[in-house]
Amino acid sequence: MIPHILDRKPNTYIFTKTISEDLVRRQSDHLPIVVVRPSIVMPTLAEPYSYYSNDKNSLLGLMGGAGIGLIRVGCVGPNIKVDLIPADVTVNCILAVGWHKATTPDSPKIYNCVGHETEVELKEFLDTNLHYLKEAKEAVDIVLWKTHSIRVQNTFLLFFLYYLLHILPGLFFSLAERYQNRKPMIMKIYRKFFFLEKTIRYFVSYDWSFTNDNTKSLLFKLNERDRELFEMGF
């Protein structure tokens with residue numbers, strides 16, 4: 001049923017976002033609605049403090065799993081670049097867009113909040129994060145396996161390695177948990193990581209191109225003080 005419902009959409013994440021934006025579009029003639037589309041939202045740049053994040057259901061969640069040795073294999077396209085935007089910059093953009101819509105009703109309805117001028121290669125991003133995760137004391141204290149990441153492009157090979165490096169060790173850890181009269185958690189974690197990786201896989205297998213002309217033009221409509229307060233990274 002799900003493939004039939006999704007039609008040509010790659011996953012339920014994109015499907016639900018499409019439905020939401022279509023609903024917004026239908027009501028936009030009656031309400032002062034505007035859509036802000038961020039790219040991959042990352043930890044904060046400055047507010048409330050640098051590197052703040054509580055998001056576990058994203059690329060960061062997979063990186064955390066890799067950092068403690070749980071995630072051993074993933075599907076990554078060759079020479080793929082990723083567009084990253086800090087969370088506080090995204091919030092600044094939303095606030096500025098809301099102000100502009102309220103004061104200028106005929107303003108654009110779509111704003112892409114992206115950082116494509118500072119794109120990084122996904123491989124470089126993953127390697128850098130794994131390097132610092134290896135050195136982080138918080139990761140070392142709870143590491144389950146030596147941090148190592150295998151990146152493949154073939155789906156069959158991905159599932160084979162996932163079974164070999166995730167499912168089999170997960171079953172072993174689950175038996176150990178039961179032996180210690182502890183609630184089995186490892187397989188539940190692997191199941192969550194599996195569906196998270198499945199959702200993200202589509203986005204890290206292709207290069208994406210964004211335009212942010214509306215967002216850039218908005219920046220120049222702010223006064224000097226507001227440009228400092230609502231930093232957008234341009």
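These exercises work through the helices, cores and surface of one predicted model.

The model is predicted: local features need pLDDT of at least 70, side-chain atom pairs count only at pLDDT 80 or more, and totals for chains, interfaces and linings use all residues. Residues are numbered from 1 along each chain as its sequence is written, and side-chain values use heavy atoms, with hydrogens and water left out.

**Exercise 1. Describe the protein as a whole.**

Step 1. Take the secondary structure. The protein has 10 helices and 8 strands. Both are DSSP runs numbered from the N terminus (helices H or I, at least four residues; strands E, at least two).

Step 2. Take burial. Of the 234 residues, 34% are buried. Buried means under 20% relative accessible area, exposed over 50%, and partly exposed in between (1.4 Å probe, protein chains only).

Step 3. Take the contacts (heavy atoms within 4.5 Å). Among contacts with a separation of 6 or more, 77% link residues 24 or more positions apart.

**Exercise 2. Which residues have the most contacts inside the largest nonpolar core?**

Step 1. Define the core. A nonpolar core is a set of buried Ala, Val, Leu, Ile, Met, Phe, Trp, Tyr and Cys residues joined through side-chain atoms within 4.5 Å.

Step 2. Read off the residues. L122 and F193 have the most contacts inside the largest core, which has 29 residues.

Step 3. Trace the contributors. α3, β3, α5 (122-135), α7 and α8 each supply at least two residues of this core. The largest share, 6 residues, comes from α8.

Step 4. Look beyond it. A second, separate core of 11 residues includes A96, V97, Y111 and C113.

**Exercise 3. Is N92 buried or exposed?**

Step 1. Locate the residue. N92 is found in helix α4 (residues 87-103).

Step 2. Read its area. N92 is buried, because its relative accessible area is 10%.

Step 3. List its neighbours. Not counting residues up to four places away in sequence, N92 touches L229, F230, E231 and M232.
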